[in-house]
Amino acid sequence: MSIPNDPMILLSYINTQLRDNYSSFDELCKSMCVDGEEIKSKLDSIDYKYDKSLNKFV
């Protein structure tokens, strides 16, 4: 499965997936076979960080 490349679209996509389908970012990465560090880096470029307690990027 391909994930969005644009950071803003990626943010929306990942947070929606976390809200609707996954209890953690690690679970999402494992299930979708994606590189979590790459996603974190892209979202960090627009000043978003994963908040484990909220299970979303803020």
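In this predicted model, the side chains of arginine 19 and aspartate 20 form a salt bridge, with an N to O distance of 2.8 Å. Arginine 19 counts as exposed, at 62% relative accessibility. Aspartate 20 is partly exposed, at 47%. The whole structure holds three salt bridges.

Another salt bridge joins the side chains of glutamate 38 and lysine 42, at 3.6 Å from N to O. These two residues lie four apart in helix H3, so about one helical turn separates them. Glutamate 38 is partly exposed, with 42% relative accessibility. Aspartate 44 and lysine 49 also pair through their side chains, at 1.9 Å from N to O. Both partners are partly exposed: aspartate 44 has a relative accessible area of 34%, and lysine 49 has one of 48%.

Helix packing was examined next. The axes of H1 (residues 7–20) and H3 (residues 36–44) come within 9 Å and cross at roughly 120°. That angle makes H1 oblique to H3. The crossing is left-handed. On the H1 side, Pro7, Leu10, Leu11 and Ile14 take part; they meet Ile39, Lys42 and Leu43 of H3. By class, this contact of H1 with H3 comprises six nonpolar residues, one charged residue and no polar ones.

H1 also meets H2 (residues 25–32). Their axes come within 10 Å and cross at roughly 105°. An angle from 65 to 115 degrees counts as roughly perpendicular, and H1 and H2 are therefore roughly perpendicular to each other. Tyr13, Ile14, Gln17 and Leu18 of H1 make the contact with Phe25, Leu28 and Met32 of H2. Six of these residues are nonpolar, one is polar and none is charged.

Key
Residues numbered from 1 in each chain as written. Predicted model: local features only at pLDDT ≥ 70, side-chain atom pairs only at ≥ 80, totals over all residues. Heavy atoms only, no water. Axes fitted to C-alpha atoms, helices over the stretch in contact; angles between N-to-C directions. Parallel < 35°, antiparallel > 145°, perpendicular 65-115°, else oblique. Left-handed = near helix turned anticlockwise from the far one by under 90°. Contact = heavy atoms within 4.5 Å. Nonpolar A, V, L, I, M, F, W, Y, C, P; charged D, E, K, R; others polar. Salt bridge = Lys/Arg side-chain N within 4 Å of Asp/Glu carboxyl O. Buried < 20%, exposed > 50% of the residue type's maximum accessible area, 1.4 Å probe, protein only.
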